[in-house]
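Welcome! Have a look at the sequence and the model, then read on.

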Amino acid sequence: IVTFVNTKRPELEFAVKPAQTSATTVYIGLIEISTGGVDDFLDIYFDAGGSWSLECGNNASGAATTDIGPLITTNLTTFRLVFITDTTVEWFVDGVSQGQVACGADMPTTGLQPYAYISTTASAAKSIDVDYFRIWQNR
């Protein structure tokens, strides 16, 4: 399994198209899962028809940092995450910078793997089209 770490400055780019915007939660990005559940993550998410957001969390800090972006739609949306420093990420939605997020102690420092997750809060179909998911890092 290939893992990605913040000190090697990974970059992610992916395009997704949610089937619906209500009663749905989506996470897509990088995650580390231990036997106790999700510990560390850096991802784009939305929850039940709100806005796209970037979040980073490190189990050691016990917290997460979140930055709010544009409203979610059912259109194909392209995201890019670029590490500016070991603890700061700039994120883009459809090529437009949403700003830099200083994760600080909330930045995961363990090896992470790509993931995509969707759930619904109602008895509705769960689907999201993932057009592509690219990730690379310095060696």
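E55 counts as buried, because its relative accessibility is 10% and the cut-off for buried is under 20%. This residue has its place in strand β4. Please keep in mind that the model is a predicted one.

**Around E55**
- Apart from neighbours within four places in sequence, E55 is in contact with Y27, F41, L42, D43, Y45, T65 and T66.

**The nonpolar core**
- Which residues touch the most other members of the largest nonpolar core? They are I44 and L81, in a core of 24 residues.
- Setting aside neighbours within four places in sequence, I44 is in contact with F14, V26, Y27, I28, W52, S53, L54, F79, L81 and W91.

**Strand β1 and its partners**
- Seven of the eight residues of β1 are buried, so the rest of the structure largely encloses this strand.
- β1 and β6 run antiparallel and are joined by six bridges.
- In that pairing, E13 stands opposite R80 of β6.
- Where does β1 find an antiparallel partner over eight bridges? That partner is strand β10, made of residues 128-136.
- Here L12 stands opposite I135 of β10.

**The chain as a whole**
- The chain has 10 strands and zero helices, so its radius of gyration of 14 Å belongs to a chain of strands, and being close to the 14 Å that the globule rule gives for 139 residues, it makes the chain as compact as a globular protein of that length.
- Along its principal axes, the C-alpha trace spans about 40 × 35 × 25 Å.
- How much of the chain is buried? Of its 139 residues, 42% count as buried.
- The accessible surface of the chain comes to about 6,700 Å², and carbon and sulfur atoms account for 49% of this area.
- Take the contacts between residues at least 6 apart in sequence: 58% of them join residues at least 24 apart.

Key. Residues numbered from 1 in each chain as written. Predicted model: local features only at pLDDT ≥ 70, side-chain atom pairs only at ≥ 80, totals over all residues. Heavy atoms only, no water. Core = buried A, V, L, I, M, F, W, Y, C linked by side-chain atoms within 4.5 Å. Buried < 20%, exposed > 50% of the residue type's maximum accessible area, 1.4 Å probe, protein only. Contact = heavy atoms within 4.5 Å. Helix = DSSP H or I, 4+ residues; strand = E, 2+ residues; numbered from the N terminus. Pairing = 2+ DSSP bridges. Rg over C-alpha atoms; globule rule 2.2 N^0.38 Å. Areas by Shrake-Rupley, 256 points an atom, 1.4 Å probe, with all protein chains shown as cover.
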